[in-house]
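Trainee: Could we go through this one together? I'd like the overall picture, then one residue.

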Amino acid sequence: MRIVIAGGHGQIALRLERILAARGDEVAGIVRRAEQADDLRAAGAEPVVLDLESASAEEVAERLRGADAAVFAAGAGPGSGAARKDTVDKGAAVLFADAAVRAGVRRHVVVSSMGADARHEGDEVFDVYLRAKGEADDHVRAQDGLDWTILRPGSLTDEPGTGQVRLEAHTGRGSVSRDDVATVLAELVDTPATAGLTLELVGGSTPVSVAVKSVAGN
């Protein structure tokens with residue numbers, strides 16, 4: 001498969017690129033800065049330099065054409081203000097989905113956040129983030145041209161992955177390692193039967209492949 005990842009230099013994305021490249025997939029990661037390219041190459045991915053905050057849908061679509069799947073793993077990051085939650089966590093996600101439709105790339109996996117909700121109330125930056133993610137998720141779900149799966153991890157940790165998770169429509173609050181999020185994403189990309197599902201993810205006791213097969217109905 002050829003898989004294009006938005007936010008290719010993110011912590012989850014770099015882990016995902018290593019997994020996909022190791023299993024023989026062709027991986028490209030979209031990054032904002034050219035100096036990030038070497039890290040992607042080290043992970044086995046082809047770097048594509050493009051700023052999703054200023055690019056057009058057609059420019060992104062050009063990078064997506066010929067791909068078998070697209071993964072949105074970009075984020076403004078914890079140090080960013082409310083304005084970039086709107087331009088990245090919402091705006092770039094909407095742009096990437098629109099570009100995938102334009103490019104004819106149906107398989108579309110989104111890294112969202114537990115608690116994402118377009119109607120979430122509050123004025124803190126994290127409240128703005130949850131609204132932005134919720135609005136982006138709603139936009140993706142409205143696209144008939146996408147076979148989408150939305151993954152909403154709990155609080156992220158840098159603990160080594162266990163390969164065991166809880167993956168359900170509603171898991172309740174919890175934490176999950178970035179390693180395990182990347183492992184789940186790799187399985188989801190390869191499991192189109194999960195299309196149309198919004199899934200929460202926390203650490204658990206079920207092997208990743210079993211958890212994904214279970215939500216896929218296998």
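**Overall picture and one aspartate**

Trainee: How much of the chain is buried?
Mentor: Buried residues make up 50% of the 218 residues, buried being under 20% relative accessible area with a 1.4 Å probe and protein chains only. This is a predicted model, where local features need pLDDT of at least 70, side-chain atom pairs count only at pLDDT 80 or more, and totals for chains, interfaces and linings use all residues. Residues are numbered from 1 along each chain as its sequence is written, and side-chain values use heavy atoms, leaving out hydrogens and water.

Trainee: How many helices and strands are there in the chain?
Mentor: Seven helices and eleven strands, taken as DSSP runs (H or I, at least four residues; E, at least two) and numbered from the N terminus. The radius of gyration is 16 Å, close to the 17 Å from the globule rule for 218 residues, so the chain is as compact as a globular protein of that length. That radius is taken over C-alpha atoms, and the rule is 2.2 Å times the number of residues to the power 0.38.

Trainee: Changing topic, where is Asp-89?
Mentor: Asp-89 sits in helix α4, residues 82-103.

Trainee: And which side chain of opposite charge is nearest to Asp-89?
Mentor: Lys-133, 4.1 Å away. Asp-89 is buried but has no salt bridge, which would take a side-chain nitrogen of Lys or Arg within 4 Å of a carboxyl oxygen of Asp or Glu.

Trainee: What else is Asp-89 in contact with?
Mentor: Leaving aside neighbours within four places in sequence, its contacts include Ala-74, Gly-75, Tyr-129 and Ala-136, with contact meaning heavy atoms within 4.5 Å.

Notes. Lys and Arg count as positive and Asp and Glu as negative; His and the chain ends are not counted.
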